[in-house]
Amino acid sequence: MKKIFALAAVLVVAAVVLTGCGMPSCGGDTATSTLMSGKPWENPYNHEKSTYKVERCGAVKDGDTWIADKSDVRATGTYVTEIIYIEGNVADWTYLADISATIPSFGSDIVPHINNGELSSSSGAYSFVHTTFDLTYTDSEHNGDYKGANDRILSCALFRNIDMSPVFSYKAAVLASSGISYTAFANYLDGANKFKEGDKAEVVTEIESNTDNETLYLYARAQTGLTEGISTSVKVHSAVETGVYGKEAVNNIGISYTTGSTLYGVDPEKSYAFIPEYLGDSVPFVTKEEAELSEDENDSEGYAFPVNQAVVYRNDTDMGTSVTLLFSAADFGRLGAKTSNVLLQMTTHENDPLTADPTTITTANLSDYTMT
C-alpha cells in the first residue's frame, strides 16, 4: 500500500514539518481564516474547467533552496479539474443519471436520499467537483521496471456550498507503476466508507461528517485567509486511508496563507490562450527586454501573475511533506461574470525518509482554462 500514498502525495496532502514565519505555530497574527459567504466558482457560467501540465523532476539544491532539475524529468502528465455550481435543485440536476451510471454506489446509496427529498431543494445549495490525474513515467534510470507505466486517478465529490461539507466522494485509481488498483466511496449521508483494493473483499467502515479530501483544494481556495494572509485548520476525512487502516482516518490539516507574490514567465507562445481571453490586460506581460533589465532575478519573459500562496500541510506529530498552491489574485472574467482565486500552480516535494531532503519535485501548472 506504500505506493498508494507515495503517488497520492502529488494531489493529496501527506504530512509536513514546517518552520519559519507564516505557519500557525509561529508568533504574530493569530487570526483564523473563515469560509467566504459566496464561493469563488459561483457565477452564471457554472462550469469551470482547469487543465494542468504535470512534471515530476529530480530535486537539486540551488544555494539554500531545493529546485526541480529540468534535466532530470522522471514523469509527465495532466491534471484536469471541473467544478460545477448546481444552480437549481440538485434533484433536478441532469448530470445525476450520468454519475449513477459511472459510480454504482452513487446510484444505490445517494440517489435514494435525493429522491426522498433529504437534501436541500434550495437553488445553488450544492457544487460538484470532478478530477482526473494521469502520470506517465519516463525512461529515466530512476524509474526502474515501471518505465513507460501510466498511473491514473479519477475522483469526484458532491458538497454543500454554504460550509463545504460533503455529501459523498469517490476515488478510483489504477497504478500501473505498482500494480495496485482501488476504489474508495465515502457516503456521508449513511456514515459509511467503502474501500476495495484489487480483488480483495470490500472494507466498509463507519464514518462521521468531516471536510473531504477531494474538496480540500477548493476549501483552501474559498477561505478569507487567502487574501488576508492568515491561517486556518480543518479536519479532513481520507476515504483511501480509512479503507487501508479499517478505521476512520481523519487528518488535522493546516493551511497557511501569504499574499502579494508573483508567478513569472507564463509562456504566451504555448497553450495559454486563456490568459488574454479571461484576464485581458489585468495581468501584465513582461517582454524579453524588460526581463533582462529587471532587478528581480525571478523575472522572465511572459505573463506575470499576481498570486496568493497557500501552504497545505498535516498539522500533527507525524509530519512529512507539504503542498504549495498558488492562486491568481486577479479575477478571471467572461462577459461580466467573475471567478476568483483560480488555482494556477501546485507543487509537491517527496522527501527522503532518512535525510528529509527532497528527492523529487512535482509541479502542475495551469495550461488551459474555460468557463461555460
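Colleague: What percentage of the residues of the chain count as buried?

Modeller: This is a predicted model, in which local features need pLDDT of at least 70 and side-chain atom pairs count only at pLDDT 80 or more, while totals for chains, interfaces and linings use all residues. Residues are numbered from 1 along each chain as its sequence is written, and side-chain values use heavy atoms, with hydrogens and water left out. Buried means under 20% relative accessible area, exposed over 50%, and partly exposed in between (1.4 Å probe, protein chains only). Of the 372 residues of the chain, the share that counts as buried is 51%.

Colleague: How many helices and strands make up the secondary structure of the chain?

Modeller: Helices (H or I, at least four residues) and strands (E, at least two) are DSSP runs, numbered from the N terminus. On that basis the chain comes to eight helices and 18 strands.

Colleague: Why is strand S18 described as largely enclosed by the rest of the structure?

Modeller: Strand S18 covers residues 358-371, which are 14 in number. The strand is largely enclosed because the buried residues among them number ten.

Colleague: Which strand pairs with S18 over eleven bridges?

Modeller: Two strands pair if DSSP finds at least two bridges between them. S17 (residues 343-351) runs antiparallel to S18 and is joined to it by seven bridges, with Glu-350 having Thr-360 as its bridge partner. The antiparallel pairing over eleven bridges, by contrast, is with residues 47-62, and Ser-50 stands opposite Tyr-369 of S18. The strand asked for is S1.

Colleague: Which residue takes a positive phi in the hairpin of S17 and S18?

Modeller: The hairpin has six residues between the strands. The phi in question is near 70 degrees, and the residue is Ala-356.

Colleague: Is Thr-347 buried or exposed?

Modeller: Thr-347 belongs to strand S17. Contact means heavy atoms within 4.5 Å, and, leaving aside residues up to four places away in sequence, Thr-347 touches Ser-322, Val-323, Thr-324, Ile-361, Thr-362 and Thr-363. Its relative accessibility is 12%, so Thr-347 counts as buried.

Colleague: How many residues are in the largest nonpolar core?

Modeller: A nonpolar core is a set of buried Ala, Val, Leu, Ile, Met, Phe, Trp, Tyr and Cys residues joined through side-chain atoms within 4.5 Å. Phe-305, Leu-325 and Phe-332 have the most contacts inside the largest one. Apart from it lies another core of 22 residues, including Val-167 and Phe-168. The largest core has 67 residues.

Colleague: Which residues are linked by ring pairs into a cluster?

Modeller: Rings of Phe, Tyr and Trp (its six-membered ring) pair if their centres lie within 6.5 Å; planes under 30 degrees apart count as stacked, over 60 as edge-to-face and the rest as tilted. The whole structure holds 14 aromatic pairs. The cluster consists of Phe-274, Tyr-278, Phe-332 and Tyr-369.

Colleague: How many residues apart in sequence are the parts that the pair of Phe-106 and Phe-168 ties together?

Modeller: The pair is tilted, at 4.9 Å centre to centre with 50 degrees between the planes, and both Phe-106 and Phe-168 are buried. Phe-106 lies in helix H3 (residues 104-115) and Phe-168 in strand S5 (residues 166-175), so the separation of the parts in sequence is 62 residues.
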